[in-house]
Amino acid sequence: MQQLAHRLERLGTETAFSVAQAAAAWKAKGNLVFPFHLGDINIPTAPHIVEAMNRAIADGYTGYCPGPGIPQLREALAEDLGTRRGIEFSPDNVVVMTGGKPVITKFLQAVMNPGQEVLYPNPGFPIYESQIEYLGGTAVPYSYVPTSTGFAIDIDQVRASITPNTVAIIYNDLQNPISAESTAAERAAIAQLAQEHDLWVLSDEAYFETRYEGVSSSIASLPGMAERTVILYTFSKKFAMTGSRLGCAVAPIEIARILSTLNTNDESCTTHYVQWAGIEALRGTQEPVQQMLDILRVRRDAACQLVNDIAGMHVAVPQSTFYLFPDVTEVMQRMGYNAVGDFASAALYETGVSFCTREHFGRRQPGEERQYIRLAYSGIDVADINDGLGRLRKWIETA
């Protein structure tokens, strides 16, 4: 049999989809399922955005377009992202891509050589670790510590993990899966380390505007950071456009040019008519964005209250994203579960509640003893949140 490339052995995946498959199989047998597992959104894309996409198709924007994106969208992105972050960007800083994930891969291709080290958050979005290792780098995790308001980056661990072979750090403020948000001091500490050690920074800002209280800040806006930071932006979350596959990198011009060339090599260009929908999303009415945030806020509040009402489970109320990362250590101990995956499987079959666990977001680190699950409330209505978590509570408390 012909051999395959050895690097495939280093390729990970987004294992949350395996949870979706198990949930779908259970539902196909006639069982009720409450889908807390995937961070998709069950709110449709706003009509004016869909109309702009359909209009672009009707107008013939169905062929090739420039690799870095059409000029009109790059201009709109530079203006919108720059204004919201207090940074002046030009269209030359913007490279349009098919969602946020390609930004991760192309950033690493641009700044990392095989054998070099990249720091990444763990628990964190699993594609970070997968792509670092797939491209021949060494993935070095940094962790979080629980606080009264959620989680904080272990800055001492980050500092101790930097070596002469470290070239970059992936930083995800407003974090998936744990909803952690940096304080100004924490953000400044990461920036200081990046400058002291001359590191590139990938700032994953997918949830920059998916927030219910407060105001988001970008690490790129700190002094000395714009020239070493690549911002990952996506239309998926803010505009409920997950299936449209539209995002961008905002980067120093030298990196933007490289990312543009990678676009040309990989997929030629991002779908032409979808880019016109992106312009409408940015420059059209923002009322649907606020309406979606209002819906998500109600879901957040309901889910947090129900989780915290379960004896042995607790979670801080996050100000952003649409994830909860409750500690279930006491519940598992009381019910006799040692592996959080076994607890999750039993919950699905006994209550219909489907969720991811800490294990779906990076390899567990030495000394990590607490057990966590991730509940996404973006794809489930309030009535089902109440019903599902009510069933979960009854199962746990009567065990």
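Which residues does Thr-329 touch, not counting residues up to four places away in sequence? Thr-329 touches Arg-370 and Gln-371, where contact means heavy atoms within 4.5 Å. The structure is a predicted model, in which local features need pLDDT of at least 70 and side-chain atom pairs count only at pLDDT 80 or more, while totals for chains, interfaces and linings use all residues. Residues are numbered from 1 along each chain as its sequence is written, and side-chain values use heavy atoms, with hydrogens and water left out.

Thr-329 itself belongs to helix α11, residues 329-335; helices (H or I, at least four residues) and strands (E, at least two) are DSSP runs, numbered from the N terminus. With a relative accessibility of 5%, Thr-329 counts as buried, given that buried means under 20% relative accessible area, exposed over 50%, and partly exposed in between, with a 1.4 Å probe and protein chains only.

## The sheet and its helices

An open sheet of mixed pairing is formed by 7 strands in the order β2-β10-β9-β8-β7-β3-β4, two strands being paired if DSSP finds at least two bridges between them. At its edges lie β2 (94-97) and β4 (138-142), each of which pairs on one side only. From one strand to the next, the twist averages 20°; angles run from 0 to 180 degrees between N-to-C directions, and axes are lines fitted to C-alpha atoms, for helices over the stretch in contact.

Strands β8 (residues 200-204) and β9 (residues 229-234) run parallel and are joined by 4 bridges, and Ser-203 has Ile-231 in β9 as its bridge partner. Helix α3 (residues 71-85) packs on the sheet, where it touches β2, β9 and β10 (247-250), and its direction makes about 115° with that of β2. Helix α4 (residues 101-111) also packs on the sheet, touching β2, β3 (117-121), β7 (166-171), β8, β9 and β10, with a direction at about 180° to that of β8.

Asn-263 is buried, because its relative accessible area is 0%.

## A helix pair

Helix α2 (residues 47-58) and helix α9 (residues 272-283) pack at an angle of about 145°, and their axes are 8 Å apart. On the α2 side, His-48, Ile-49, Ala-52, Met-53, Ala-56 and Ile-57 take part, and they meet Tyr-273, Val-274, Trp-276, Ala-277, Glu-280 and Ala-281 in α9. The residues of this contact divide into 10 nonpolar, 1 polar and 1 charged.

## Cysteines

The structure holds 0 disulfides, a disulfide being a pair of cysteine sulfur atoms within 2.5 Å. The closest cysteine sulfur to that of Cys-269 is in Cys-65, and because the distance is 4.0 Å, it is too far for a bond. For Cys-304, which is in no disulfide, the nearest cysteine sulfur, that of Cys-356, is 17 Å away. Both cysteines are buried, Cys-269 at 12% relative accessibility and Cys-304 with a relative accessible area of 3%.

## Backbone exceptions

Most residues other than glycine have a negative phi, and most peptide bonds are trans.

| Cis peptide bond | Omega |
|---|---|
| Asn-122 and Pro-123 | about 5° |
| Asn-176 and Pro-177 | about 25° |

Pro-123 is found in the loop between β3 and α5 (126-134), whereas Pro-177 has its place in the loop between β7 and α7 (184-196). The loop between β7 and α7 also holds Ser-179, whose phi is near 60°, a positive value in a residue other than glycine, and Ser-179 counts as buried at 8% relative accessibility. Asp-198, in the loop between α7 and β8, likewise has a positive phi, of about 55°, although it is not a glycine; at 56% relative accessibility, Asp-198 counts as exposed.

Definitions and conventions: Ala, Val, Leu, Ile, Met, Phe, Trp, Tyr, Cys and Pro count as nonpolar, Asp, Glu, Lys and Arg as charged, and the others, Gly among them, as polar.
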